[in-house]
Amino acid sequence: MSTEVATARDEWLAGPTAPQPRQEAVRVTGLYKYFGQGEQRVVALDHVDWQVYTGELSMIVGPSGCGKTTLLSVIAGILNCDEGTVNIFGREMTHLSDRERTRFRAESIGFIFQQYNLLPALTAAENAAIPLVIAGWKRDRAVNRAGEILATLGMGAKLGSLPGQLSGGQMQRVAIARALVHEPRLLVCDEPTAALDHETGLTVMHLLKEQAVRPDRAVVVVTHDNRVFHFGDRITRMDDGRVVEVVEQRAGVDSH
Ligand SMILES: Nc1ncnc2c1ncn2[C@@H]1O[C@H](COP(=O)(O)OP(=O)(O)O)[C@@H](O)[C@H]1O
Ligand SMILES: [Mg+2]
């Protein structure tokens with residue numbers, strides 16, 4: 001048997017649902033983050049060791065003020081930690097120069113925030129195109145590509161609309177398109193459904209789940225919306241700056 005035939009046969013025998021080996025997308029170790037000084041000092045992250053895996057939607061839950069946004073911001077490079085290490089797809093962030101780190105994060109990470117952070121003077125397609133323009137694409141090509149992504153999110157008729165002409169759910173879709181347009185391997189989302197009604201929130205979670213099941217991708221969602229907990233493959237509970245529990249929930253998603 002030729003090598004190609006043998007490989008094809010192995011793949012056929014393994015079947016289409018053969019599990020992909022999961023990989024570590026993020027590993028943080030010994031993370032500390034403090035805000036303020038002296039009596040006022042807040043320990044926002046208090047020795048966090050934590051991992052995120054590819055092919056999974058990781059959910060972070062916990063009471064307001066427990067450190068969820070801080071943890072996401074440190075992973076995303078928006079905040080520096082005071083102690084500890086951040087490894088993303090096998091790269092130790094502290095080993096990279098500032099320039100390398102900025103570039104690596106721009107290529108590899110997409111962000112979705114509770115407040116959509118859209119630029120009011122740009123159209124939906126132009127907003128969604130921003131990461132491609134930053135990556136050096138010509139404007140027209142970037143806007144076309146962003147338009148394709150928006151169309152897959154049901155926004156094909158709104159490409160030329162300004163944010164002020166869109167509903168909350170539509171603005172969040174633009175923010176999602178912007179986070180996906182450069183095909184980052186890691187998507188981090190801070191309360192992405194908080195400003196949305198239940199139905200729109202579920203649509204958004206389904207979109208995020210679709211990204212997460214891809215074997216080379218990972219999605220992290222911070223939420224305190226218990227109506228979307230069942231989307232998580234792994235639920236991390238935080239309290240008072242610490243990870244207090246990690247539960248795997250592999251059963252999958254029901255469709256309601
Ligand atoms: N920029 C900041 N300056 C001072 N304190 C902050 C700042 N950001 C967060 N904190 C404090 O750090 C703790 C964790 O905050 P955060 O990560 O935003 O929590 P969560 O997202 O879980 O609600 C809280 O006590 C919060 O008040
Ligand atoms: Mg928060």
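How far is an oxygen atom of ligand 1 from an N or O atom in the side chain of T69? The distance is 2.8 Å. Keep in mind that this is a predicted model.

Let's stay with ligand 1. K68 puts a polar side-chain atom 2.9 Å from an oxygen atom of the ligand. G65 works through its backbone instead: one of its backbone N or O atoms is 2.7 Å from a ligand oxygen. So much for single atoms.

How much of ligand 1 does the protein bury? Taken alone, the ligand exposes 560 Å², and 58% of that is buried by the protein.

Next topic: two helices. Look at α6, residues 168–180, and α7, residues 198–212. Their axes come within 10 Å of each other. They cross at roughly 10°. Angles under 35 degrees count as roughly parallel, so α6 is roughly parallel to α7.

Which residues meet there? On the α6 side, find G169, Q172, R173, I176 and L180. On the α7 side, find T200, T203, V204, L207 and Q211. By class, this contact has 4 nonpolar, 5 polar and 1 charged residues.

To recap. Ligand 1 has oxygen atoms 2.7 Å from the backbone of G65, 2.9 Å from the side chain of K68 and 2.8 Å from the side chain of T69. And α6 runs roughly parallel to α7.

How values were computed. Residues are numbered from 1 along each chain as its sequence is written. Chains are lettered from A and ligands numbered from 1 in the order in which they are written. This is a predicted model: local features need pLDDT of at least 70, side-chain atom pairs count only at pLDDT 80 or more; totals for chains, interfaces and linings use all residues. Side-chain values use heavy atoms; hydrogens and water are left out. Axes are lines fitted to C-alpha atoms, for helices over the stretch in contact, and angles run from 0 to 180 degrees between N-to-C directions. Helices (H or I, at least four residues) and strands (E, at least two) are DSSP runs, numbered from the N terminus. Angles under 35 degrees count as roughly parallel, over 145 as roughly antiparallel, 65 to 115 as roughly perpendicular and the rest as oblique. Contact means heavy atoms within 4.5 Å. Ala, Val, Leu, Ile, Met, Phe, Trp, Tyr, Cys and Pro count as nonpolar, Asp, Glu, Lys and Arg as charged, and the others, Gly among them, as polar. A polar contact is a pair of N or O atoms within 3.5 Å; within protein, one must be able to donate a hydrogen and the other to accept it, and residues adjacent in sequence count only if both atoms are side-chain atoms. Accessible areas come from the Shrake-Rupley method with a 1.4 Å probe; for residues, only the protein chains shown count as cover.
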